Amino acid sequence: MERLIIFLQPDKMRYLKLLLPLLFFLEFSTPVIAQPATITNVTASASSFCDGGALTVSYTVVPEGSFNIGNIFTAELSDASGNFSAPVTIGTLVSINSGIINAVIAPGTVYGTQYRIRVISSDPVVTSDPNVSDITINISPASPLTGNITQPTCPVPTGSVELSGLPLTGSWTLTRNPGAVTTPGTGGTITVSNLAPGTYTFTVTDASGCVSPATGNVDINAIPTAPTAPVVGIITQATCAVPTGSVELSGLPLTGTWTLTRNPGAVTSTGTGGTTIVSNLAPGTYTFTVTDASGCESPATGNVVLFAVPSAPT
């Protein structure tokens, strides 16, 4: 007590004034240790994807805002065994907080069922643990191969196209555009029929849901125009000397081979060029139509009348 009294004497108070702040700091201050930045909860938007397909990768930053301005988060894909010895970048995001990275599986990525995804940062450099579940990547089918295209004709006013190179295993769905018309099937080939004139492309979706690139354009031509009726020219009547007649016809198709049909009797003859003479016509009334190389038939001519053979004089 005597020592305390001596210490509190006025000439000693100046030491107490110096010691009190130090005693207060030592009693009540606690050292603050900064928490290191971490990236957790890496999650892909699904468990199965196609090569070339889009996905999102979400992640959580702890603590929020612990990365520096300009930091880039990068989503990386492992190999098919889940190994990150040679990771592939699939998407990036400039941020300092938790977020979602838009990503794309590179076309041509090999099939596998044990892929994993992780997220790394640039400032500071931090690497997350991979997502917790295996990811399957399927190979997208190749574009269907376009084969023989059958164009419309007058008898059959629609076209068709042969497609091959379709998936050989499992079922698939063929999609025709425009219109997004779908056709299910199996096997490597198909003939798509009843195509109206127009331009089409086709994709195929395999059993795993992966979609091929589109074919090139498949052009179905307009329905051909039927030829006009043959033009009746000079009619030569039968005589006593030549007991049959003939008729000249013009206006026939100038390209390809045509077929001339005489009625009654549906007698046909083929030829080329714009004119013909039909001979050896017995007396009677006839009409003629012409069918061109595309199968289109013209309207009939008017009546061609061949008179009876004249009687010999008595």
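**Aromatic rings and a sheet**

Q: Why does phenylalanine 73 count as buried in this predicted model?
A: Its relative accessibility is 0%. Buried means under 20%, so phenylalanine 73 counts as buried.

Q: What makes the pair of phenylalanine 67 and phenylalanine 73 edge-to-face?
A: The ring centres lie 5.1 Å apart and the planes stand at 75°. Pairing needs centres within 6.5 Å, and edge-to-face needs planes over 60 degrees apart. The pair is therefore edge-to-face. Both phenylalanine 67 and phenylalanine 73 are buried.

Q: How many aromatic pairs does the structure hold?
A: It holds 2.

Q: Why is the pair of tyrosine 59 and phenylalanine 73 called tilted?
A: The centres are 4.6 Å apart, with the planes at 40°. Stacked means under 30 degrees, edge-to-face over 60, and the rest are tilted. So this pair is tilted. Tyrosine 59 sits in strand E3 and phenylalanine 73 in strand E4 (residues 72-77), so the pair ties together parts 14 residues apart in sequence. Tyr59, Phe67 and Phe73 form one aromatic cluster.

Q: How do you know whether tyrosine 59 is buried or exposed?
A: Its relative accessibility is 3%. The cut-off for buried is under 20%, so tyrosine 59 counts as buried. Its bridge partner in E6 is glycine 99.

Q: Which strand order does the open sheet of 3 strands have?
A: The order is E1-E3-E6, with antiparallel pairing.

Q: Why is one side of E1 and of E6 left without a neighbour in the sheet?
A: Strand E1 (38-44) and strand E6 (99-104) stand at the edges, so each has a single partner strand.

Q: What makes E1 and E3 a pair?
A: Pairing takes at least two bridges. E1 and strand E3 (residues 54-62) are joined by 5, so they pair, running antiparallel.

Methods:
Residues numbered from 1 in each chain as written. Predicted model: local features only at pLDDT ≥ 70, side-chain atom pairs only at ≥ 80, totals over all residues. Heavy atoms only, no water. Helix = DSSP H or I, 4+ residues; strand = E, 2+ residues; numbered from the N terminus. Phe/Tyr/Trp six-rings, centres within 6.5 Å; stacked < 30°, edge-to-face > 60°. Buried < 20%, exposed > 50% of the residue type's maximum accessible area, 1.4 Å probe, protein only.
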